[in-house]
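Subject: Structure for you to look at

Hello,

Here is the structure I said I would pass on. My notes on it follow below.

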Amino acid sequence: MTDKLSSAYKSIGEVVKILNNEDPKDIKINTHTVRFWETQFTQVKPRIFNNKRRHYDKSSIEVLKFIKFLLKSEGFTIQGVKKHLNQNK
């Protein structure tokens, strides 16, 4: 992977650190949660390169931040978040 490409994408571990630095900081997200959200929300589309690892671009990270906010801060259900995201494409 080139430097430019690696800076454009974040690993799942880096994404978890980013999500855990967002408010509220007391609600921790782990890699299992991120993988589960991938299965539930079509808006989260990690790239999988030759090494079979997930890499997330900036737009996917922003969607994950918004999903965390709606689920953990606003008390939405998974179905509620899906509906909200689909209405606001």
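The buried residues of α2 pack against β1 (10-11), α3 (31-40), β3 (54-56) and α4 (58-73). Buried means under 20% relative accessible area, exposed over 50%, and partly exposed in between, with a 1.4 Å probe and protein chains only. Helices (H or I, at least four residues) and strands (E, at least two) are DSSP runs, numbered from the N terminus. Packing here rests on contact, that is, heavy atoms within 4.5 Å.

This is a predicted model, in which local features need pLDDT of at least 70 and side-chain atom pairs count only at pLDDT 80 or more, while totals for chains, interfaces and linings use all residues. Residues are numbered from 1 along each chain as its sequence is written, and side-chain values use heavy atoms, with hydrogens and water left out.

Helix α2

The buried residues of α2 are Ile12, Val15, Val16, Leu19 and Asn20. Viewed down the axis of α2, they fall within an arc of 130°, so they line one face of the helix. The arc is that of the directions from the helix axis to the C-beta atoms.

Asn20 belongs to α2, which covers residues 12-20. The relative accessible area of Asn20 is 13%, so Asn20 counts as buried. Which residues does Asn20 touch, leaving aside its neighbours within four places in sequence? Asn20 is in contact with Lys25, Ile27, Lys28, Ile29 and Lys68.

In α3 the buried residues are Val34, Trp37 and Glu38. They cover an arc of only 110° around the axis, which puts them on the same side of α3. These buried residues pack against α2, β3 and α4. On the face turned away from the buried side, α3 carries the exposed residues His32 and Thr39.

Asn30 sits in the loop between α2 and α3. Its relative accessible area is 38%, so Asn30 is partly exposed. Asn30 and Leu70 are 40 residues apart in sequence, and their C-alpha atoms are 17 Å apart in space.

Helix α4

Glu62 lies in α4 and, at 41% relative accessibility, counts as partly exposed. Glu62 and Asp26 are 36 residues apart along the chain, with 19 Å between their C-alpha atoms.

The chain as a whole

The protein chain has five helices and three strands. From the N terminus on, its elements run α-β-α-α-β-β-α-α. The radius of gyration is 13 Å, close to the 12 Å that the globule rule gives for 89 residues, so the chain is as compact as a globular protein of that length. That radius is taken over C-alpha atoms, and the globule rule is 2.2 Å times the number of residues to the power 0.38. Along its principal axes the C-alpha trace spans about 40 × 30 × 20 Å.

Of the 89 residues in the chain, 29% are buried. Among contacts between residues at least 6 apart in sequence, 52% join residues at least 24 apart.

How many positive and negative side chains does the protein chain have? There are 18 positive and 9 negative ones, and the centres of the two sets lie 6 Å apart. Lys and Arg count as positive and Asp and Glu as negative, while His and the chain ends are not counted. The place of a charge is taken as NZ of Lys, CZ of Arg, CG of Asp or CD of Glu.

Regards
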